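Here are some notes for a first look at this model. Please read them with the structure open.

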Amino acid sequence: MPLRIPRPAATAFAALLIAACATASSVAPSGVSGSGDSLQREGQRGALPPVPARTGPLAIDVVYPDEGAALTVSDSNFVFGNVGTGGARLTINGAPVEVAANGAFLAYLPVPPNGVYQITAEAEARSGSQVQTQQASLRRTVRVPVRQDPPAAGGPLAIVAGSITPTGAMTMVEGEPVTVRFRATPGARARLLFSDGTSWEMLETRSVERAEGFQQDVSRRPREVAEYAVTFPAWQWIAGPAGPAHATVWSVDPMARRGTIELVRGRDTLRAPLPLEIGVLEPGMTRVAIAAGSREDSTVIGQAVAGTNTPYNWFFPNGTVFTITGEREGFYRARLTQDLSVWIDAKSLRLLPPGSPVREGAVGTVRVAPAADWVDFRFTVSDRLPYRVTADGNAVAVEIYGAATRTNWAHYGPEDAFVRRVSWDQPRSDLFAARLETAEPVWGWRSFYDASGTLVVRVRRPPRIDREHPLAGRSIAIDAGHPPGGAIGPTRLTEAEANLAIARRLVRMLRAAGARVLETRPDTAAVALNLRPVLAERANVELLVSVHNNAFPDGVNPFANAGTAAFYNAPQSMELARGLQHELLGELGLRDLGIARADLALVRSTWFPSSLTETMFLMVPQQEAALRDPVVQERIARAHFRALEGFFRGRAR
């Protein structure tokens, strides 16, 4: 499960469930084989099998949370593990918890304020004609965060910890708007004060605090919070509580003005320092930087907002030249056009010496160069300017930022039925836009600057598919998700094990249908996340599917939210995700969590359609037990197979 959200964690992976060793009987041997048809007949379509019974010694094994784990919620959370035998009676802090036939359990309970879970279990064991009662107990202690309820009207004045934004160091153009906001007790008067006597009144508004992410807990009610905010122009220098310590790439003489937030209601006053430093640039005071990723074929990522955990919307090849107009929290702001800027990790850029001239770009001749498997859309550019490529349906659009058109010629090259029309435009003085329309839907694309500095957008032709045998000759990458990381179940089945068992069966089916298959993780060895799509691109595959199973972050009720989901990123991959979701739902009958466009490494490649499936949640006892079952593994693989077969058949001509 690769979503970038908090999850139950082991110490080695703060945000991911790390794979653990399974018990000896935890998963089918890798060599399990048999007739797919016979296995399919044994499984009931649209349902999971009952959990198989297990009888063994009574022993409490709490898989999550770990001893000493730091929870991220303080109200309710899940606890799961096993007691080694079915039919046991289990309580956690006095609340009865259902135990599955194999001894697994999953509970969703209030978090104890003292962080102590007292777990007791009892089971009857028969020895000959005698019945003995076994008992076991376990004490599990966790760290509970301080509950941060929104301050109530009429309550004491309070500013919600960590709610003041922005924080840290910023460099901005003089006069640029800065917005400071924070959450606090409603019904008060708020001001932003500076040490030179300047002050700004802050406006109170009410907003609803909602969880973010695809897997948000639908059983929780949103909370209303009071927020205070003000926008003012950046001027002079604002220093943090400890004084000016701002490290900037510009030489700016600091004129420190310390900022303070003041909250007043009646005779009560609460003050807090503004944890922000702003260095101010005069208009036109910029720097020039060049994209310098770690590998020759690296791309540098542009984001709409500075900081981690924000979507990746722009991908620039090494050597791209940027005009830098600001910095914040370890990110540089790169100006693309007069009204569009992106934030790039400072470690990905190489600053040129101060005074280096800002590049003024132009686009000359546009050419179409057909080849056997693709068509190159080529642009003569005066410099390696930043650009963005988007594709949808039968068209590829290219935007080159900071460029003026000098395009008098658009060469179509030799006649090619795949190429319908080329057009270009200058919608703004610093933006060149071009479009290639094709006779068939675009299968994929990639872009780069070649050795001569020409921008090349390589548009992939659809493969020639046999409708009767749609998988014959197809090149497909199958990725068995994790390790490193991954989810784990109540009886310690790891996601990596389950994914590999399913992927191996799917690979066998595809090869039997005539497909050429690349296994990005063919065995139990860990493969780096970012290497997997690189392997697929280097092998020039036509499609990629990453097989996963899921986990929840702290605080989400698994009984109300578990289900099946499929993810994609590029538009040409949406129907693949939809087909996989449809087949998995029909095969297993779990809750439909829908498909989602997501910024995930395994589906980010644009060279081929790709999707990532999340079939089940390992923490749910019945679903973990099903994932151990070779019959269910075959059913899941068969559902993936049907989706891939249908996807290719639907594109046969």
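1. Contact here means heavy atoms within 4.5 Å. Setting aside neighbours within four places in sequence, Asn 102 is in contact with Val 51, Pro 52, Arg 54, Thr 85, Gly 86, Thr 491 and Ala 625. Asn 102 sits in the loop between strand S4 (95–97) and strand S5 (104–110). Helices (H or I, at least four residues) and strands (E, at least two) are DSSP runs, numbered from the N terminus. Asn 102 counts as buried because its relative accessibility is 9%. Buried means under 20% relative accessible area, exposed over 50%, and partly exposed in between (1.4 Å probe, protein chains only).

2. A word on the source. This is a predicted model, in which local features need pLDDT of at least 70 and side-chain atom pairs count only at pLDDT 80 or more, while totals for chains, interfaces and linings use all residues. Residues are numbered from 1 along each chain as its sequence is written, and side-chain values use heavy atoms, with hydrogens and water left out.

3. Next, the cores. A nonpolar core is a set of buried Ala, Val, Leu, Ile, Met, Phe, Trp, Tyr and Cys residues joined through side-chain atoms within 4.5 Å. The largest one has 42 residues. Ile 476, Ile 478, Leu 510 and Met 616 have the most contacts inside it. Two or more residues come from each of strand S34 (475–480), helix H2 (495–512), strand S36 (543–550), helix H5 (574–588), helix H6 (621–628) and helix H7 (630–649). H7 gives the most to this core, with nine residues.

4. Which residues does Met 616 touch, leaving aside its neighbours within four places in sequence? Its contacts are Leu 48, Asn 549, Asn 550, Gly 563, Leu 588, Leu 590, Gln 623, Ala 626, Leu 627, Val 632 and Ile 636. There is also a second, separate core of 34 residues. Leu 71, Leu 109, Ile 488 and Met 619 are included in it.

5. Now H2 against H7. These helices pack at an angle of about 50°, with axes 8 Å apart. Axes are lines fitted to C-alpha atoms, for helices over the stretch in contact, and angles run from 0 to 180 degrees between N-to-C directions. The angle makes H2 oblique to H7. Angles under 35 degrees count as roughly parallel, over 145 as roughly antiparallel, 65 to 115 as roughly perpendicular and the rest as oblique.

6. From H2, the residues that meet H7 are Ala 501, Ile 502, Arg 505, Leu 506, Arg 508, Met 509 and Leu 510. Their partners in H7 are Pro 630, Gln 633, Glu 634, Ile 636, Ala 637, Arg 638, His 640, Phe 641 and Leu 644. By class, this contact has ten nonpolar, two polar and four charged residues. Ala, Val, Leu, Ile, Met, Phe, Trp, Tyr, Cys and Pro count as nonpolar, Asp, Glu, Lys and Arg as charged, and the others, Gly among them, as polar.

7. H7 also packs against H6. The angle is about 90° and the axes are 5 Å apart. H6 and H7 are therefore roughly perpendicular to each other. Ala 626, Leu 627 and Arg 628 in H6 meet Pro 630, Val 632, Gln 633 and Ile 636 in H7. This contact has five nonpolar, one polar and one charged residues.

8. Look at helix H3 (residues 531–538) too. Arg 532, Pro 533, Val 534 and Ala 536 are buried there. The buried residues of H3 pack against S34, strand S35 (516–519) and S36. Asn 540 follows H3 and lies in the loop between H3 and S36. Asn 540 is not a glycine, yet its phi is positive, about 60°. Asn 540 counts as partly exposed because its relative accessibility is 33%.

9. Other backbone points deserve a check. A cis peptide bond joins Tyr 64 and Pro 65, with omega about 5°. Pro 65 is in the loop between strand S1 (61–64) and strand S2 (76–82). The bond from His 482 to Pro 483 is also cis, with omega near -10°. Pro 483 is in the loop between S34 and H2. Arg 492 is in the loop between S34 and H2, and has a positive phi near 70°.

10. Finally, Val 342. Its place is in strand S22 (residues 340–345). Val 342 counts as buried because its relative accessibility is 0%. The C-alpha atoms of Val 342 and Ala 306 are separated by 8.2 Å, and these residues are 36 residues apart along the chain.
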